[in-house]
Amino acid sequence: MNNPELPRFLETSKDDVTLKVDGLRGNLISYEFTNFIPFTVRRTFYVFMNKMGIVRGNHGHKRCWQVLVCLHGNIEVSSLNLLENQSWRLSEPTLLLLVPPWNKIQYISKSESSILGVFSSDKYDPEDFFY
C-alpha cells in the first residue's frame, strides 16, 4: 500500500454548494457534487441522535472515498493514518471533509442534535472496512 492521501476540507464555490436561509420557512442546502469531488456518490447515510461524547466510526475503508458534512449541530472528526493524526470541527453544512481510503476516522457529537451526513463512493461492503 502506498502512503494514503490525507483528509482535507474541500474548496467549493457558490455553484457547488448553495445555502438558502429563510427565517419564515426554514433553510435549504444543495450540493452539486459533479464539480468538486473525485467520485460518483453511490451511497448516502446520516448519523443522528447520538449521545454527546460517544465515539462513533472508529474504522476506515480500503477502497471507499467519503465526504462528511455536519448538517446540524457540531461534530469533532479525527483521522488516524500512517502519516499523521489530524482533527477537524464540522459545524456548518457548507464545510465538507473529503476522506480518501486508508484513513481511520472517528467522530464525536458535541451536541445531541448533531446530524452527520456521509456521501460515499461505494455501496456498503463489510470487506472494505479496517479497524
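## Cysteines

How many disulfides does the count come to? Taking a disulfide as a pair of cysteine sulfur atoms within 2.5 Å, the count comes to 0. The sulfur of Cys64 lies 20 Å from the closest cysteine sulfur, that of Cys70, and is therefore too far away for a bond. Cys64 is buried at 5% relative accessibility, and Cys70 is buried at 1%, where buried means under 20% relative accessible area, with a 1.4 Å probe and protein chains only.

## Basis of the model

The model is predicted, so that local features need pLDDT of at least 70 and side-chain atom pairs count only at pLDDT 80 or more, whereas totals for chains, interfaces and linings use all residues. Residues are numbered from 1 along each chain as its sequence is written, and side-chain values use heavy atoms, leaving out hydrogens and water.

## Nonpolar cores

A nonpolar core is a set of buried Ala, Val, Leu, Ile, Met, Phe, Trp, Tyr and Cys residues joined through side-chain atoms within 4.5 Å. The largest has 13 residues, and Val77 and Leu90 are among those with the most contacts inside it. Strands S6 (66–72), S7 (75–80) and S8 (85–90) are among the elements that give two or more residues to this core, strands being DSSP runs (E, at least two residues) numbered from the N terminus. Another core, of 12 residues, lies apart from it and includes Val17 and Phe39.

## Strand S7

Two strands pair if DSSP finds at least two bridges between them. S7 runs antiparallel to S8, joined by 6 bridges, and Glu76 stands opposite Arg89 in S8. S7 also runs antiparallel to S10, again with 6 bridges, and Ser79 stands opposite Ile105 in S10.

Notes
Buried < 20%, exposed > 50% of the residue type's maximum accessible area, 1.4 Å probe, protein only. Helix = DSSP H or I, 4+ residues; strand = E, 2+ residues; numbered from the N terminus.
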